[in-house]
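Hi everyone, thanks for making time for this.

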Amino acid sequence: MSKTIDVCLSPQLIDLYDLEGKIVVVVDILRATSVMTTAFAHGAREIIPVEKLEVAREYLSKDGYLCAAERGGEQIEGFPLDNSPFSYMDGVVQDRSVVITTTNGTVAIERSMVADEVLIGSFLNLSSVAEYIQLQNKDVIVHCAGWKGKTNMEDTLFAGALVEKLKMSHELGCDTPHMALKYWESVKDNLTETVESSAHARRLNRLNIKEDIAYCLRIDEYQVVPKMIGDRLLLV
Ligand SMILES: O=C(O)[C@H](CS(=O)(=O)O)OP(=O)(O)O
């Protein structure tokens with residue numbers, strides 16, 4: 001077993017990791033990567049994640065793009081889509097090119113781009129991401145989007161869940177995968193209760209989106225693996 005899995009707990013720490021030649025799995029459970037997984041599962045053709053709001057705004061006047069923008073959990077005026085997974089269902093994104101900018105998730109994606117492969121992970125596609133990784137002969141880094149540079153509970157728990165799935169094929173790189181795994185093992189039977197007490201969930205609850213949180217914690221709802229190809233996410 002010569003492959004490794006490591007966990008970066010925040011985009012502020014990602015420069016400490018050597019991403020070259022590796023697979024980076026970006027995770028932002030609440031809610032960006034859960035939204036992206038959902039959009040693909042509901043027929044989106046491609047997703048263009050952008051870090052800067054001004055860049056996303058440029059797409060508003062271009063033909064053929066459906067644009068989503070969120071800051072601090074709230075939809076930005078002038079953008080047709082918000083950052084709720086329920087907004088990406090019922091044919092809304094079928095065959096569409098979707099442009100997304102969010103507070104944390106799209107920052108983590110942008111900062112992962114020197115990796116060999118950048119995948120989108122969420123509880124909704126946990127096993128599919130693990131199975132895809134098993135087929136590659138590469139080291140893995142889970143890049144937790146956190147919240148405005150700080151570590152968070154739910155992304156760390158996803159990292160632990162992915163480590164659990166890969167621990168027989170990948171050596172644990174340093175202390176963070178061990179910590180994430182132990183944390184996941186200790187609360188996985190009470191995932192919803194645990195994440196509902198998180199700071200991120202409490203912030204989002206003020207926006208009245210309790211259903212979003214429960215939905216984002218469903219495991220293996222979809223069999224999709226979004227991957228960055230150039231400047232956009234496509235399904236592998
Ligand atoms: O909309 C979300 O779920 C969050 C909002 S925030 O983190 O509370 O500002 O953004 P995301 O980029 O999906 O973490």
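Let's start with a question: how many bridges join strand 10 to strand 11, and do they run parallel or antiparallel? The answer is 4 bridges, and the two strands run antiparallel. To find them, look at residues 226-229 for strand 10 and residues 232-235 for strand 11. Oh, and before I go on: what we're looking at is a predicted model.

Okay, on to another hairpin. Strand 4 covers residues 65-71, and strand 5 covers residues 74-75. Here 2 bridges hold the pair together, in the antiparallel sense. Arg71 has Glu74 of strand 5 as its bridge partner. Again there are 2 residues between the strands, and this time Gly72 sits in the turn with a positive phi of about 60°.

Now stay with strand 4, but turn to another neighbour. Which way does strand 4 pair with strand 6, parallel or antiparallel? That one is parallel, over 5 bridges, with strand 6 at residues 97-101. You can follow the pairing residue by residue: Leu66 is bridged to Val98 in strand 6, and Cys67 is bridged to Val99.

Strand 6 also pairs with strand 3, residues 46-49, through 4 bridges, and that pairing is parallel too. One example is Pro49, whose bridge partner in strand 6 is Ile100.

So how covered are these strands? Strand 4 is mostly covered, with 5 of its 7 residues buried. Strand 6 is mostly covered as well, with 4 of its 5 residues buried.

Next, the helices. In general, two packed helices are described by the angle between their axes and the distance between the axes. Let's do that for helix 5, residues 153-166, and helix 6, residues 175-187. Their axes come within 7 Å and cross at roughly 95°. Angles of 65 to 115 degrees count as roughly perpendicular, so helix 5 and helix 6 are roughly perpendicular to each other.

Who makes that contact? On the helix 5 side we have Thr156, Leu157, Ala159, Gly160, Ala161, Val163 and Glu164. On the helix 6 side we have Pro177, Ala180, Leu181, Tyr183, Trp184 and Val187. Sort the residues of this contact by type and you get 10 nonpolar, 2 polar and 1 charged.

Let's move to the ligand. It's surrounded by 16 residues, and the closest are Arg31, Ala32, Thr102, Thr103 and Asn104. The whole shell divides into 5 nonpolar, 7 polar and 4 charged residues. Keep an eye on Arg31, which sits in the loop between strand 2 and helix 1. What kind of peptide bond joins Leu30 and Arg31? It's a cis peptide bond, with omega at about -5°.

A couple of other backbone spots are worth a look. Lys148 is in the loop between strand 8 and helix 5. Its phi is near 45°, which is a positive value in a residue other than glycine. Asp220 is another non-glycine with a positive phi, at about 60°. You'll find Asp220 in the loop between helix 9 and strand 10.

Are these two buried, partly exposed or exposed? Asp220 has 12, so Asp220 is exposed. Lys148 has 13 C-beta neighbours inside 10 Å, so Lys148 counts as partly exposed.

Gln12 is in the loop between strand 1 and strand 2. Because it has 15 C-beta neighbours inside 10 Å, Gln12 counts as partly exposed. Glu185 is 173 residues away from Gln12 along the chain, and their C-alpha atoms are 26 Å apart. Then there's Ala214, in helix 9. With 13 C-beta neighbours inside 10 Å, Ala214 is partly exposed. Ala214 and Leu166 are 48 residues apart in sequence, and 25 Å apart from C-alpha to C-alpha.

Definitions and conventions:
Residues are numbered from 1 along each chain as its sequence is written. This is a predicted model: local features need pLDDT of at least 70, side-chain atom pairs count only at pLDDT 80 or more; totals for chains, interfaces and linings use all residues. A residue is near a molecule or strand if its C-beta atom, placed from the backbone, lies within 6 Å of it. Ala, Val, Leu, Ile, Met, Phe, Trp, Tyr, Cys and Pro count as nonpolar, Asp, Glu, Lys and Arg as charged, and the others, Gly among them, as polar. A residue is buried if 20 or more other C-beta atoms lie within 10 Å of its own, exposed if 12 or fewer, and partly exposed in between; C-beta atoms are placed from the backbone. Axes are lines fitted to C-alpha atoms, for helices over the stretch in contact, and angles run from 0 to 180 degrees between N-to-C directions. Angles under 35 degrees count as roughly parallel, over 145 as roughly antiparallel, 65 to 115 as roughly perpendicular and the rest as oblique. Two residues are in contact if their C-beta atoms, placed from the backbone, lie within 7 Å. Two strands pair if DSSP finds at least two bridges between them.
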